[in-house]
Amino acid sequence: MNITLRVWRQAGPDVEGGFETYEAKDISPEASFFEMLDEVNEMLNDEGVEPIAFDSDCREGICGTCGVMVDGHPHGPQSATASCQLHMRKFSDGDTITIEPWRAVAFPVLRDLIVDRQPFDEIIQAGGFISANIGAAPDSNIILVPKPAAESSMDAASCIGCAACVAACPNSAANLFTGAKIAHLNLLPQGSPERYHRTVAMVETMESFFGSCTNFGECEMACPKSISIDVIAWMNRDYVAAQWKNFRKQGQQ
Amino acid sequence: MTTEHTHILDAKIPDGPLEDKWTKRKFDVKLVNPSNRRKYDIIVVGTGLAGAGSAAALGELGYNVKAFTYNDSSRRAHSIAAQGGINATKNYPNDNDSVFRLFYDTVKGGDYRSREANVYRLAEVSDAIIDQTVAQGAPYGREYGGMLDNRSFGGAQVSRTFYARGQTGQQLLLTAYQALARQVGLGTVELFTRTEMVELVMKDGRAVGIVTRDLVTGEIESHSAHAVVLATGGYSNAYFLSTNAMNCNGTAVWRAHRKGALFANPSFTQIHPTCIPASDEHQSKLTLMSESLRNDGRIWVSKTPNDDRAANDIPEDERDYYLERQYPAFGNLVPRDVASRAAMRMVEDDKGVGPLKNGVYLDFADAISRLGRQVIEDRYGNLFEMYERITDENPYEVPMRIYPAPHYTMGGLWVDYNLETTIPGLFASGEANFSDHGANRLGASALMQGVADGYFVLPATISGYLANWLNVAPVPTDDEAFVETEQAVQDQIEKLLSINGTHSVDYFHRRLGKIMIAKCGMSRDREGLEWALEEIPKIKAEFWSDVKILGTNESLNQSLERAGRVVDFFELAELMVRDALQREESCGGHYRVEHQTEDGEAKRDDDNFAYVSAWEWRGEDSPPTLHKEELEFEYVALTQRSYK
């Protein structure tokens with residue numbers, strides 16, 4: 001199949017970018033979206049044009065390294081699918097496809113389709129962990145976890161940190177990402193001692209980088225792992241509770 | 001090729017009974033007292049499971065750690081793609097598991113080419129891994145009573161595998177990432193993202209630091225420390241097409257090898273039996289389907305060669321469930337090397353399935369009718385979805401198509417029992433070292449080794465080296481050892497950018513990969529290996545005269561990044577071939593067609609090859625020197641591996 005691409009090109013963080021148009025010819029419908037871009041890059045390299053820079057690592061939809069806007073949709077038109085798992089059979093011969101980086105003030109473009117998602121790491125560093133020093137753990141079956149809690153925790157924990165939720169949000173809010181990690185840990189008995197402290201620390205770090213949530217719900221639709229916006233409600237509940245719990249004095253429960 | 005038996009390989013295995021060795025080492029090793037630990041700087045390269053684990057553990061102990069990853073965040077790394085699970089000897093299912101049984105299974109599964117003491121230690125700490133990761137919040141699968149659930153895996157007759165759906169690697173990496181993030185927040189670890197180690201720095205025969213390239217700005221920088229830990233994963237991408245992530249590479253270990261670290265068993269690579277077959281010429285990587293699928297899936301092909309019927313049109317009595325037929329005791333759960341070779345033979349016999357006839361079926365119809373679709377969906381839902389996205393076929397209705405693909409490398413930097421390489425002060429952790437899996441790794445053991453090395457082994461042994469350097473400052477980065485190394489790095493980059501030939505980096509990498517998979521993949525023979533040994537240097541020479549890398553060093557330049565990695569893959573691939581050539585036996589994943597039993601199984605030669613081959617770099621123009629570490633088996637009897 002033959003495709004026309006409009007691709008965002010930007011040489012560096014401080015340089016103005018713009019769209020360039022390229023023809024992708026004889027692309028196999030079996031090719032993945034990034035294999036198509038690989039081929040375009042081979043062609044550009046042959047022509048003496050610097051290849052399009054884009055982040056991609058596992059190509060299995062699990063590492064969260066990749067992510068581009070495809071015709072205005074984070075990760076493209078297929079639901080619950082990361083860019084790397086999108087295949088060209090979802091497009092038609094002769095289509096024009098527009099490819100852009102994630103757009104958010106907190107994520108400066110480093111080059112072409114690559115952005116800097118460092119604020120996500122800072123949110124995790126603020127409290128997205130359980131303080132369990134290595135070597136200090138009790139036998140694992142001493143901590144009983146009800147199966148439904150384990151399942152809900154796992155649903156939230158499947159977040160891949162790709163930032164499609166931020167890219168999809170009209171306010172560039174990171175509530176789905178932050179809520180998912182808080183839900184993963186707060187739903188588990190192991191996570192409960194730090195529950196309220198964690199929630200406040202992570203929410204406040206989040207708010208120093210990102211916009212506010214307006215319950216628009218676009219994030220859930222964009223999420224390649226279909227993480228439910230329930231996690232945002234739980235986060236808000238724990239954040240509000242933390243305000244009147246005076247958790248530091250009360251042992252946090 | 002020269003072969004030498006020398007005494008440079010001292011594995012430093014503690015004396016005494018097998019079950020006491022690790023305890024003894026932890027007691028014998030020199031310690032650094034808590035108030036002195038902050039006087040030490042340690043570099044950890046790579047932040048996958050073994051790297052993030054090491055960095056977090058060392059930070060918790062109170063050392064100053066600098067951790068490096070080429071990824072944009074330490075939450076990436078290829079550990080994340082491990083699907084099926086992690087082994088431990090908890091014996092929760094009451095099916096006779098024990099430390100000794102996991103040890104025994106792993107030594108046997110590795111076809112008796114691993115060190116007994118290392119493997120025993122791995123089995124011994126496996127329970128602590130589950131305890132630790134549960135405490136850190138890994139959401140493992142549970143029973144309704146709230147206790148942990150187990151599943152079974154290839155090469156074992158007990159259910160000892162803990163899992164978090166089909167995303168166990170992701171969840172374990174995230175616990176290590178979070179433990180690391182906590183230390184970053186506490187200031188014990190300084191994290192460098194999008195920063196690639198491009199060279200090791202040596203002074204007076206020991207490792208004193210690394211040179212890195214900032215992948216965004218191109219800045220070349222030196223970092224100095226008392227010790228350097230490489231946790232940089234495996235080198236399956238030497239095959240170009242593998243299940244490894246796009247950025248996985250062998251540069252860190254290869255640069256260390258060129259500086260004097262011996263490289264062990266480079267030819268021991270694992271071809272994983274259950275991957276999605278390639279669909280066309282432009283394929284960029286292959287995707288793994290968890291081995292756990294073999295618990296419920298039945299592998300078959302048509303009994304008729306070149307059968308063009310759709311899978312569901314082939315009647316039951318015309319199907320050959322060849323693993324169940326050939327290996328009744330283990331059936332579809334034979335170890336990976338055995339399953340891979342069996343699939344290869346089916347395709348060679350024109351029984352391959354799919355549009356390109358390059359796969360075999362993995363069928364869930366029986367399991368679905370026995371257990372119901374819901375149970376299968378609970379167990380493997382995300383894998384089935386992934387399969388459907390890639391192939392556009394629904395595995396609940398038609399059998400999956402699978403074929404083996406390069407997946408894991410058992411070989412790596414030679415390390416002693418303390419995980420120290422032959423370079424003092426340089427340690428290797430996780431897949432980057434060679435130590436625990438012999439010639440074949442059992443499923444759910446890579447995560448186990450990554451966590452074991454990172455959390456428990458390395459943090460315990462590294463003090464033995466560090467204690468010698470109390471109150472000695474690290475070598476300053478303006479020392480000539482650093483200055484010269486930086487210059488060499490700059491020179492290579494300039495040389496690469498100045499070639500301005502006609503073909504891309506990938507063009508050469510693909511060519512290398514095709515040679516490697518054909519001649520040094522699932523089956524190997526002398527003729528093919530000798531041919532590869534002539535061919536690889538030719539492609540390398542062509543690369544150095546004809547590669548076309550646009551752009552500059554002073555910007556984000558992905559072609560330049562890949563070029564530096566492919567340069568090292570050429571040399572590493574050559575060593576893989578050399579190693580496969582010298583090992584005139586078959587064992588585990590190393591299958592020499594000249595050495596097979598009457599049934600076509602790998603035929604070992606324990607009298608002559610029960611050793612670790614450890615190669616010493618002698619320069620680009622001289623062949624490497626082979627050193628041997630003889631393996632001694634006191635607790636496991638060497639037998640022909642049988643899974644019948």
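Domain bounds, as I use them here, come from an automatic or database domain assignment, and on that basis chain A is divided into domain 1, residues 3-111, and domain 2, residues 117-245. Please keep in mind that this is a predicted model, in which local features need pLDDT of at least 70, side-chain atom pairs count only at pLDDT 80 or more, and totals for chains, interfaces and linings use all residues. Residues are numbered from 1 along each chain as its sequence is written, while chains are lettered from A and ligands numbered from 1 in the order in which they are written.

Let me stay with chain A. The centres of its domain 1 and domain 2, taken over C-alpha atoms, are separated by 29 Å. Across that boundary, 18 residues of domain 1 of chain A are in contact with 16 residues of domain 2 of chain A, where contact means that the C-beta atoms of two residues, placed from the backbone, lie within 7 Å. On the domain 1 side, those residues divide into 12 nonpolar, 5 polar and 1 charged; here Ala, Val, Leu, Ile, Met, Phe, Trp, Tyr, Cys and Pro count as nonpolar, Asp, Glu, Lys and Arg as charged, and the others, Gly among them, as polar.

Taken as a whole, chain A has 8 helices and 7 strands, these being DSSP runs numbered from the N terminus, with helices (H or I) of at least four residues and strands (E) of at least two. Of its 253 residues, 53% count as buried, that is, with 20 or more other C-beta atoms within 10 Å of their own, again placed from the backbone.

Turning to chain B, the domain assignment gives domain 1, residues 272-405, and domain 2, residues 480-603, with C-alpha centres that lie 31 Å apart. The contact between these two takes 5 residues from each of them, and on the domain 1 side helix α8 of chain B, residues 336-348, gives the most, with 4 residues.

What about helix α6 of chain B, residues 251-258: how many of its 8 residues are buried? The count is 7, and B:W254 and B:R255 are among them. Just after this helix, B:G260 takes a positive phi of about 125°.

Finally, the contact between the chains takes 62 residues from chain B and 66 residues from chain A. Helix α5 of chain B, residues 168-186, gives the most to the side of chain B that touches chain A, with 9 residues, and by class that side has 24 nonpolar, 23 polar and 15 charged residues.

Note on methods
A residue is buried if 20 or more other C-beta atoms lie within 10 Å of its own, exposed if 12 or fewer, and partly exposed in between; C-beta atoms are placed from the backbone.
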